[in-house]
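Let's take a friendly walk through one part of this fold. Have the sequence and the 3D view open as you read.

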Amino acid sequence: MVFRLTKKLAFPDPHYGDEDGLLAVGGDLSIDRLILAYSNGIFPWYAFRENQIQWWCPMDRFVIFPDEIHISHSMRTLINKGKYRLTFNQAFREVIQTCGNLRIDMEGAWLGKDMMDAYTRLHEQGFAASVEVWDKERLIGGLYGVTLGRCFFGESMFSLVPDASKLALIHLAATFRSLGGVMIDCQFETPHLLSMGGRHISYEEYMKYIEQ
C-alpha cells in the first residue's frame, strides 16, 4: 500500500508499504521531516519532473559495515601512492551538484534543485556530510549522505576519474569506524557497492543499529 502524506509530521508504519519498498508520496523536504524519515529507515526519492516526492523503505536493506569494507589490491596500491587528496565537508554543494548534473538526463533523475537545497540545509545544520577527492585543486570524485548518531545514510556518489568514488567510500568507512560509526546505509545494491563489501540485512536488524 502506498500512503499519501499530509502536512502532519508523521509517516505510516513501513511494514505496510509496497513490496518494492515504496511507502508514501507527498509531504515536504523540511529538515524535521527528513530527520524523522531517516530515523525510521525511510528516504526520499524525488521524481522532480513529475513534481512528486516518493518515500521509500525497503524491508531488505543493503549496507556496508565500516570494518567489513573490502579494499582490493589495486585500490591499496592507489591509496599508498597518495596521488589524490581526500577531505570532508570542504565542497558539499559542489559534490551534490555534480552528482545531480551527471544524472540529470537519466530517467527517474531525482537530484533537482529542491533536493539539493534540502540536503544543503541538512548539511548546514550538521545532519549531512560530504567526502571529496581532489587532484590538486580539481574535484574529481566524492559522495554525500545524511549523518544521524552512529549511522551514515549514503545518498549519491560520483567519479570523474576511475576509482575516485571508491576512494571516497573507503575514506568514509575508515574515518567513520575510528569515530565509532557502526553502519553505512547504501539504500540499493549495485555491483560497485557489492564488490566493496556491501551485504543485505533485514529491516529489523537495520533498525537496531539506528536505535543505537
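## A strand and its surroundings

How many of the nine residues of strand S9 (residues 151-159) are buried? In this predicted model, the count is eight of the nine, so S9 is largely enclosed by the rest of the structure.

Strand S8, covering residues 138-148, pairs with S9 over eight bridges, and the sense is antiparallel. To find your place in this pairing, look for Gly 142, which stands opposite Phe 158 of S9.

The two strands make a hairpin, with two residues between S8 and S9. In that turn you will find Gly 149, with a positive phi of about 60°.

On its way from S9 to S10 the chain passes through helix H5, giving a right-handed β-α-β crossover.

## The helix in between

Helix H5 has 15 residues, 164-178. At 1.5 Å a residue the helix should span 21 Å, and because its end C-alpha atoms are 21 Å apart, the model agrees with that expectation.

Which residues of H5 are buried? They are Ala 164, Ser 165, Leu 167, Ala 168, Leu 169, Ile 170, Leu 172, Ala 173 and Phe 176. After the helix comes Gly 180, which has a positive phi, near 95°.

Methods: Residues are numbered from 1 along each chain as its sequence is written. This is a predicted model: local features need pLDDT of at least 70, side-chain atom pairs count only at pLDDT 80 or more; totals for chains, interfaces and linings use all residues. Side-chain values use heavy atoms; hydrogens and water are left out. Helices (H or I, at least four residues) and strands (E, at least two) are DSSP runs, numbered from the N terminus. The expected span of a helix is 1.5 Å times one less than its number of residues. Buried means under 20% relative accessible area, exposed over 50%, partly exposed in between (1.4 Å probe, protein chains only). Two strands pair if DSSP finds at least two bridges between them. A crossover is right-handed if, with the strands pointing away from the viewer, the path from the first strand over the helix to the second runs clockwise.
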